[in-house]
Structures are given as structure tokens and as C-alpha cells.
Amino acid sequence: MNILIAYATYSSGTQTASEFLMQTLVGMGNTVETKMISEVDFDSTLSYDLRIFATPTWDNDGLEGQPHMDFVSFMKNSTGKNYGGKACAVFGLGDSSYSHFCTAVDILDDFVKKSGGTLVVPSLKIDGYLFNMEGNNKLLSEWAAKLKA
Ligand SMILES: Cc1cc2nc3c(=O)[nH]c(=O)nc-3n(C[C@H](O)[C@H](O)[C@H](O)COP(=O)(O)O)c2cc1C
């Protein structure tokens with residue numbers, strides 16, 4: 001498969017997790033490009049077999065539980081566009097000590113569905129990535145195996 005991982009990050013965790021996922025998927029025989037969501041627009045995500053969106057959950061202008069601002073812009077700029085059933089997947093980093101744990105993932109899920117995309121696997125919510133990279137990379141590997149299936 002030809003796969004795009006489009007991510008955003010504030011404190012490097014989602015980038016590190018995206019790079020680990022890329023290496024895992026390449027190891028499974030896929031071709032994978034990893035880009036920041038700020039580098040792509042909706043139309044440039046269309047040419048892949050699978051699009052994976054990755055965001056931290058954050059606090060935007062006092063509003064808790066939001067995706068990275070660059071995803072907010074991407075979604076806004078994608079209004080009216082349609083994936084026509086194309087395959088998508090979502091994972092996100094968060095911290096379960098916050099009351100809105102990984103809710104940015106739910107927001108991206110809704111975006112994919114409203115944009116006519118198909119979520120090929122249940123989305124993955126990762127708790128405290130940088131504090132337990134080994135355990136969380138295992139979760140990412142298991143998730144990657146489901147993407148292949
Ligand atoms: C200001 C701030 C707000 C955050 N808000 C939430 C939140 O509402 N829900 C959540 O699950 N995690 C929240 N987090 C935790 C981050 O999502 C988590 O640290 C994540 O790993 C950051 O990913 P990044 O390194 O890619 O930016 C917040 C962290 C900070 C610093």
C-alpha cells in the first residue's frame with residue numbers, strides 16, 4: 001500500500017510516534033510518506049491508498065480537548081471536499097489525567113466520516129506516549145497490523 005501519515009505536534013510526541021509507525025509500516029512492505037498536516041491540503045491527500053491522521057489533544061484558546069491548530073485549519077480548509085469512500089485511519093496522543101482524554105481523535109473521526117472517508121480500523125488513543133514509549137509503540141505495532149489486514 002501507498003500510505004500517507006499526516007501529523008501535527010506541539011512537543012514532538014506525535015512526530016516520534018508517526019515516525020515509529022512509518023518504520024513499522026515500511027517493514028511490512030508498504031510505501032509510506034510522513035508529512036506535517038500543515039504541508040498538505042485535502043486534494044494532495046487523495047492519491048494514497050490509505051491516509052493516517054495523527055494529532056495530540058490540546059487546549060486551543062481556552063477550549064479543552066481539541067486537535068492541533070494545524071488540523072483545525074486543515075479541516076476548515078477541507079469544507080465541502082469529499083473522500084468518496086477512500087480509506088482513512090486516525091490515531092492521537094493524549095494524557096488521561098485531562099478530563100477530555102484524546103477527544104481530538106473523536107473530532108478527527110467525525111471529520112473523516114463527514115468527508116465521506118472510510119475508517120478502516122477503530123481509531124487509536126495513546127496515553128502518555130513519551131512516558132511509556134515501549135508499551136505505546138507496542139500498541140502502535142498492533143494497530144499497524146490491523147491496518148494491513
Ligand atoms: C496545554 C496542554 C493541554 C492538553 N490538553 C489535553 C487534553 O485536553 N486531553 C488530553 O488527552 N491530553 C491533553 N494534553 C496532553 C497532550 O495531548 C500530550 O502530552 C501529548 O502527548 C502531546 O503530544 P505532542 O508531543 O505531539 O504535542 C495537553 C497537554 C498540554 C501541555
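**Reading the ligand site**

Mentor: Let's start with a polar contact, a pair of N or O atoms within 3.5 Å. Here a backbone N or O atom of Ser 12 lies 3.3 Å from an oxygen atom of the ligand. For Gly 13, a polar backbone atom is 2.8 Å from a ligand oxygen, and for Asp 95 a backbone N or O atom is 3.0 Å from one. Taken alone, the ligand exposes 640 Å², and the protein buries 83% of that (Shrake-Rupley areas, 1.4 Å probe). Mind that this is a predicted model, where local features need pLDDT of at least 70 and side-chain atom pairs count only at pLDDT 80 or more, while totals for chains, interfaces and linings use all residues. Residues are numbered from 1 along each chain as its sequence is written, and side-chain values use heavy atoms, leaving out hydrogens and water.

Trainee: Which strand gives the most to the shell around the ligand?

Mentor: Helices (H or I, at least four residues) and strands (E, at least two) are DSSP runs, numbered from the N terminus. β3 gives the most, with four residues; α1 (13–27), β3 (50–60) and β5 (87–94) each supply at least two.

Trainee: And how do I read aromatic rings?

Mentor: A pair is described by the distance of the centres and the angle of the planes. Rings of Phe, Tyr and Trp (its six-membered ring) pair if their centres lie within 6.5 Å; planes under 30 degrees apart count as stacked, over 60 as edge-to-face and the rest as tilted. That rule gives seven aromatic pairs here. The Phe 53 and Phe 71 rings have centres 6.2 Å apart and planes at 90 degrees, so they are edge-to-face.

How values were computed. Polar contact = N/O pair within 3.5 Å; in protein donor to acceptor, adjacent residues only side chain to side chain.
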